[in-house]
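Please keep the sequence and the structure at hand while reading.

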Amino acid sequence: MTLLLRVVSLTDGVGLIDQIINRNPALLTLTDTQGQSIWHHAGMHNRHNIIEYLISQQVSFSQRTANDSTVLHLACRYGDEATIKRIM
């Protein structure tokens, strides 16, 4: 797992994430071995501040995992109503 995805799984603070992404914007499209992006990790861990940040950065939330799940699928699976409402 990359540093960026690890940070998302540990914190809801966007400061460090913003610094990492500013140094390497390509990380926004990076996926782990299961095809999960920063969006998927934020959704699975209920990281609402990060989700707001990704929306503000106009990062596409239509990326799919290796098993064809979007962040919306994961938010539904994990019962994260706030994320569902925000991205709909």
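Which residues of helix 2 (residues 14-23) are buried? In this predicted model, they are Ile17, Ile20 and Ile21.

Ile17, Ile20 and Ile21 are the buried residues of helix 2. Because they cover an arc of only 95 degrees around the axis, they lie on the same side of helix 2. The face turned away from this buried side carries the exposed residues Gln19, Asn22 and Arg23.

## Packing partners

Against which helices do the buried residues of helix 2 pack? Their partners are helix 1 (3-10), helix 3 (38-44) and helix 4 (48-56).

Ile17 gives a residue-level view of this packing. When neighbours within four places in sequence are left aside, Ile17 is in contact with Leu4, Val7, Val8, Ile38, Ile50 and Tyr53.

## The nonpolar core

The largest nonpolar core comprises 19 residues. Those with the most contacts inside it are Leu4, Ile17, Ile21, Ile38, Trp39, Ile50 and Leu54. At least two residues of this core come from each of helix 1, helix 2, helix 3 and helix 4.

In soluble globular proteins, nonpolar side chains tend to be buried together.

## Ala82 in helix 6

Ala82 is located in helix 6 (residues 81-87). Its relative accessible area is 41%, so Ala82 is classed as partly exposed.

Ala82 and Gly43 are separated by 39 residues in sequence, and their C-alpha atoms are 9.9 Å apart in space.

How values were computed. Residues numbered from 1 in each chain as written. Predicted model: local features only at pLDDT ≥ 70, side-chain atom pairs only at ≥ 80, totals over all residues. Heavy atoms only, no water. Buried < 20%, exposed > 50% of the residue type's maximum accessible area, 1.4 Å probe, protein only. Helix = DSSP H or I, 4+ residues; strand = E, 2+ residues; numbered from the N terminus. Arc of directions from axis to C-beta. Contact = heavy atoms within 4.5 Å. Core = buried A, V, L, I, M, F, W, Y, C linked by side-chain atoms within 4.5 Å.
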